[in-house]
Amino acid sequence: MFYKFFNLNNHKKIPIIGFGTSHVNTNESGQKIIIEAIKQGYLLIDTAELYKTQTVVGKAVNQCIKDGIVKRDDIFIQTKVWNSNQGYDNTIRAFNKSLNELNLDYVDLYLIHWAIPNGHLNDYKQLNIDTWRAMEDLYKQGKIKSLGLSNFNCEQIDNILHNCKIKPSVLQIEMHPGCYDDQLINYCKKHNIRLQSWGPIIHGRANDEEALQIIANKHHATPSQICLSWSLFKGSIPLPRTMNKDHLIENYNAIYVHLNQDDVDYIDSKIKNNRYGSDPSLPYPISDEEMNKRY
């Protein structure tokens with residue numbers, strides 16, 4: 001099995017591709033697909049308090065450790081604190097609940113899920129700082145190995161950098177052909193923050209893009225693989241999700257597809273303005289009650 005890693009700014013290593021578990025089934029079928037993902041080579045598993053998949057992720061990971069498929073040190077588990085649990089005390093409680101659901105001694109990465117919680121436009125900066133301070137304390141206790149942000153822009157990251165003792169190692173954002181921010185990408189390079197891409201296969205719409213099919217034919221690949229290789233070319237770790245074993249293997253094999261600058265320039269010239277998620281510069285537009293109905 002071929003494994004490859006990026007180095008983080010705190011000298012930890014992170015796999016170059018991950019398996020996303022948003023909307024993955026929380027029953028036995030979900031556990032089976034996560035185990036299959038680990039068997040296929042996905043050593044990074046992304047979950048979150050919001051997704052309600054922490055328990056099934058924990059069961060799958062611990063089963064793989066028990067069966068000798070991986071050692072705990074080999075696998076990278078990341079989760080996130082949701083908006084309603086931002087703030088120092090709430091974050092400590094939320095993290096401990098997440099760790100209990102995962103049934104692990106530590107997580108490899110813990111992220112703030114969204115910069116501006118619903119209803120907190122005027123006080124989100126202090127809320128983020130208080131949340132980060134809790135995460136730093138958990139880091140110092142060895143319960144978290146790296147700290148990160150999700151759905152933050154440059155200004156929002158600045159707020160953390162100007163008030164932190166431990167820098168963010170990772171920024172997770174919606175990122176795929178037609179949805180990327182060169183200013184943010186360059187900002188993260190400057191501050192040595194590794195990017196991760198959620199929704200990396202254009203939220204399942206890769207096959208609809210002619211430009212991706214053209215580049216896919218050139219590389220004897222699929223449009224989905226081209227999307228994932230595009231993310232890697234831009235220095236971002238893609239986090240594809242699927243409940244289909246064939247797609248699981250197809251997505252992982254994207255690490256063997258190597259685009260060049262001309263390929264990426266062609267894709268970027270043809271696919272424009274197709275963000276499907278919410279704008280991180282605005283308060284999260286959906287209430288917690290509505291989000292609970294969706295997950």
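Visitor: What covers the buried residues of H6?
Guide: This is a predicted model. In it, the cover over the buried residues of H6 includes H5, strand E8 (170-174) and strand E9 (194-198).

Visitor: Which residues of H6 are buried?
Guide: H6 spans residues 182-190, and Leu184, Ile185, Tyr187 and Cys188 are buried there.

Visitor: Where do they sit around the helix?
Guide: Start with the general idea. An α-helix has 3.6 residues a turn, so residues three or four places apart point the same way. Now the case here. Look down the axis of H6: the buried residues fall within an arc of 160°, so they line one face of the helix.

Visitor: Which exposed residues does the face turned away from the buried side of H6 carry?
Guide: That face carries Gln183, Lys189 and Lys190.

Visitor: Which residues does Val170 touch?
Guide: Skip residues up to four places away in sequence. Val170 then touches Leu8, Ile14, Leu109, Leu111, Leu147, Gly148, Leu149, Ile193, Arg194 and Gln196. Take Leu109 from that list. Val170 and Leu109 are 61 residues apart in sequence, and their C-alpha atoms are 8.4 Å apart in space.

Visitor: Now helix pairs. At what angle do H4 and H5 pack?
Guide: Read two values for a pair: the angle and the distance between axes. H4 (residues 124-140) and H5 (residues 154-161) pack at about 50°, and their axes are 9 Å apart. Because of that angle, H4 is oblique to H5. Their crossing is right-handed.

Visitor: Which residues make that contact?
Guide: H4 brings Tyr124, Lys125, Asn128, Ile129 and Trp132. H5 brings Glu155, Gln156, Asn159 and Ile160. By class, this contact of H4 with H5 has four nonpolar, three polar and two charged residues.

Visitor: How does H3 pack with H4?
Guide: Use the two values again. H3 (residues 88-102) and H4 pack at an angle of about 45°, with axes 7 Å apart. The two helices are therefore oblique to each other. H3 passes H4 in a right-handed crossing.

Visitor: Which residues of H3 and H4 meet?
Guide: On the H3 side are Tyr88, Thr91, Ile92 and Phe95. On the H4 side are Asp130, Thr131, Arg133, Ala134, Met135, Asp137 and Leu138. This contact divides into six nonpolar, two polar and three charged residues.

Visitor: And how do H1 and H9 pack?
Guide: H1 (residues 28-40) and H9 (residues 245-252) pack at about 30°, with their axes 10 Å apart. Angles under 35 degrees count as roughly parallel. The crossing of H1 and H9 is right-handed. Ile33, Glu36, Ala37 and Gln40 in H1 meet Lys245, Leu248, Ile249 and Tyr252 in H9. By class, the contact of H1 with H9 has five nonpolar, one polar and two charged residues.

Visitor: Next, the backbone. What is phi of Asn151 near?
Guide: The general idea first. Most residues other than glycine have a negative phi. Asn151 has a positive value near 60°, and Asn151 is not a glycine.

Visitor: Where does Asn151 lie?
Guide: Find the loop between strand E7 (147-150) and H5: Asn151 lies there. With a relative accessible area of 4%, Asn151 is buried.

Visitor: What is phi of Asn192?
Guide: Phi of Asn192 is positive too, about 55°. Asn192 is in the loop between H6 and E9. Its relative accessible area is 43%, so Asn192 is partly exposed.

Visitor: One last stop. Where is the place of Arg294?
Guide: Arg294 is in helix H11 (residues 288-294). Relative accessibility of 47% makes Arg294 partly exposed.

Visitor: Which residues is Arg294 in contact with?
Guide: Leave aside neighbours within four places in sequence. Arg294 is then in contact with His23 and Ile286. Now look across to Lys140. Arg294 and Lys140 are 154 residues apart in sequence and 35 Å apart in space, C-alpha to C-alpha.

Technical notes:
Residues are numbered from 1 along each chain as its sequence is written. This is a predicted model: local features need pLDDT of at least 70, side-chain atom pairs count only at pLDDT 80 or more; totals for chains, interfaces and linings use all residues. Side-chain values use heavy atoms; hydrogens and water are left out. Axes are lines fitted to C-alpha atoms, for helices over the stretch in contact, and angles run from 0 to 180 degrees between N-to-C directions. Helices (H or I, at least four residues) and strands (E, at least two) are DSSP runs, numbered from the N terminus. Angles under 35 degrees count as roughly parallel, over 145 as roughly antiparallel, 65 to 115 as roughly perpendicular and the rest as oblique. A crossing is left-handed if the near helix is turned anticlockwise from the far one by less than a right angle, and right-handed if clockwise. Contact means heavy atoms within 4.5 Å. Ala, Val, Leu, Ile, Met, Phe, Trp, Tyr, Cys and Pro count as nonpolar, Asp, Glu, Lys and Arg as charged, and the others, Gly among them, as polar. Buried means under 20% relative accessible area, exposed over 50%, partly exposed in between (1.4 Å probe, protein chains only). The arc is that of the directions from the helix axis to the C-beta atoms.
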